[in-house]
Amino acid sequence: MSAKWEINQKQFIANIKHVIKDNPVMAVVKNNAYNFGLDFSIQCMTSCGITYFSTTSLDEAIAIRALDSECDIFLMNPTTNFDALKQYNIEMTLPSIAFFEQYSAQLEGIKVHLEYENLLHRSGFRTLESMQILLDKITEEKHGIVIKGLWTHFGYADEFDVEDYTVERKRWLNVVQQLTDQYQFEIIHAQNSASYVREDGLLPDHTHLRLGIILYGARPYSALPESITAQSLRLSSHVIQIRNIKQGQSAGYSFAYTAKKDTRLAVVAIGYGDGILRTRAQHDCLINGKRYPIKALMMSHMFVEVDEHVNPGDIVYLYHEAMRIDEYTFKGVGANSEQLSALNHNTLIMEVTQ
């Protein structure tokens with residue numbers, strides 16, 4: 001038996017429907033759909049009525065097209081492989097006037113979404129004026145580029161002890177109002193999972209939500225009840241054997257664990273080579289419905305302090321509906337997406353259940 005990544009497909013689909021309600025959604029499927037798998041996730045999302053997908057990788061965008069010939073695909077990072085964009089009908093962000101001027105000829109016929117930088121300062125047009133200048137230039141020159149969308153990213157929607165979300169929201173809504181008074185856009189999107197929940201729906205003049213982590217069963221911030229989104233993922237392994245060690249004895253490489261008292265240790269067949277973060281191993285695991293503390297993490301194994309009720313062969317859960325990823329996010333283990341993307345599908349057995 002090896003470490004296992006298990007997804008309940010019925011629960012995964014039910015959660016998507018519960019989350020999106022009747023809202024139009026662009027589903028974020030970057031990084032192999034948060035490590036849930038593109039094939040699996042897009043099949044489930046399409047069954048829920050989602051027909052718009054976004055990613056940061058051109059290779060993933062092409063893979064999405066192979067899975068669905070009719071859906072809309074938005075590439076959030078710019079690329080200069082314009083032939084691929086045209087061949088696979090992939091839309092792309094337009095991050096600046098400089099990018100447009102450098103590649104204006106190659107951008108003919110490509111659908112783009114103008115990106116506003118906002119407070120995240122990651123990429124995009126820095127000012128409303130620069131966006132207006134570009135739109136005027138394209139209109140006057142009758143350029144063949146297709147300005148389909150307008151978008152930004154809220155970097156502070158999950159922060160409540162600062163005013164940054166209020167600021168970035170206000171700036172963005174002003175951009176939307178000013179530009180939509182002068183130009184037409186088929187799609188306008190900005191809201192991530194945290195912004196969607198905070199606003200309880202779409203912002204004014206927006207056409208789509210752009211949701212990521214909440215579709216995969218994790219809360220974007222801790223104040224939300226668990227009922228807002230349901231986890232369908234379980235990550236497990238098993239107890240290989242039980243070791244009884246005396247006070248002061250050590251186990252594992254380089255004194256990985258030294259007993260402070262006589263201790264019953266379970267040796268479990270999972271480790272950081274399987275993608276378990278060291279910060280995750282500072283907490284507990286679930287065996288037979290009870291939580292036990294993890295004492296040491298190695299590449300392919302970990303030690304868990306257990307009692308007489310744990311035996312070889314028992315299943316050990318690192319993530320479970322009773323032991324959610326977002327629980328450990330809020331304990332400081334790492335972002336929801338960090339914990340998910342760390343998991344190693346080269347060593348884990350992936351199993352989809354109904």
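In this predicted model, Phe 100 is in contact with Leu 94, Leu 107, Leu 134, Lys 137, Ile 138, His 143 and Ile 145, leaving aside residues up to four places away in sequence. Phe 100 belongs to helix α6, which covers residues 97–103. Its relative accessibility is 2%, so Phe 100 counts as buried.

The strands form an open sheet of eight members, in the order β8-β7-β6-β5-β4-β3-β2-β9, and their pairing is parallel. Met 26 has Tyr 52 in β3 as its bridge partner. Helix α7 packs on the sheet, where it touches β5 (91–94), β6 (111–115) and β7 (146–151). The direction of α7 makes about 155 degrees with that of β6.

Helix α7 also packs against another helix. The axes of α7 (residues 128–141) and α8 (residues 164–180) lie 10 Å apart and form an angle of about 25 degrees. With angles under 35 degrees counted as roughly parallel, α7 is therefore roughly parallel to α8. The crossing of α7 past α8 is right-handed. On the α7 side, Leu 128, Met 131, Gln 132 and Leu 135 take part in the contact, and they meet Asn 174, Val 175, Gln 178 and Leu 179 of α8. Of the residues in this contact of α7 with α8, five are nonpolar, three are polar and none is charged.

Backbone angles were also examined. Tyr 34 has a phi near 55 degrees, which is a positive value in a residue other than glycine. Tyr 34 is located in helix α2, residues 30–34. With a relative accessibility of 11%, Tyr 34 counts as buried, because the cut-off for burial is under 20%. Asn 118, likewise not a glycine, has a positive phi of about 55 degrees. Asn 118 sits in the loop between β6 and α7. The relative accessible area of Asn 118 is 3%, and this residue is therefore buried.

How values were computed. Residues numbered from 1 in each chain as written. Predicted model: local features only at pLDDT ≥ 70, side-chain atom pairs only at ≥ 80, totals over all residues. Heavy atoms only, no water. Axes fitted to C-alpha atoms, helices over the stretch in contact; angles between N-to-C directions. Helix = DSSP H or I, 4+ residues; strand = E, 2+ residues; numbered from the N terminus. Parallel < 35°, antiparallel > 145°, perpendicular 65-115°, else oblique. Left-handed = near helix turned anticlockwise from the far one by under 90°. Contact = heavy atoms within 4.5 Å. Nonpolar A, V, L, I, M, F, W, Y, C, P; charged D, E, K, R; others polar. Pairing = 2+ DSSP bridges. Buried < 20%, exposed > 50% of the residue type's maximum accessible area, 1.4 Å probe, protein only.
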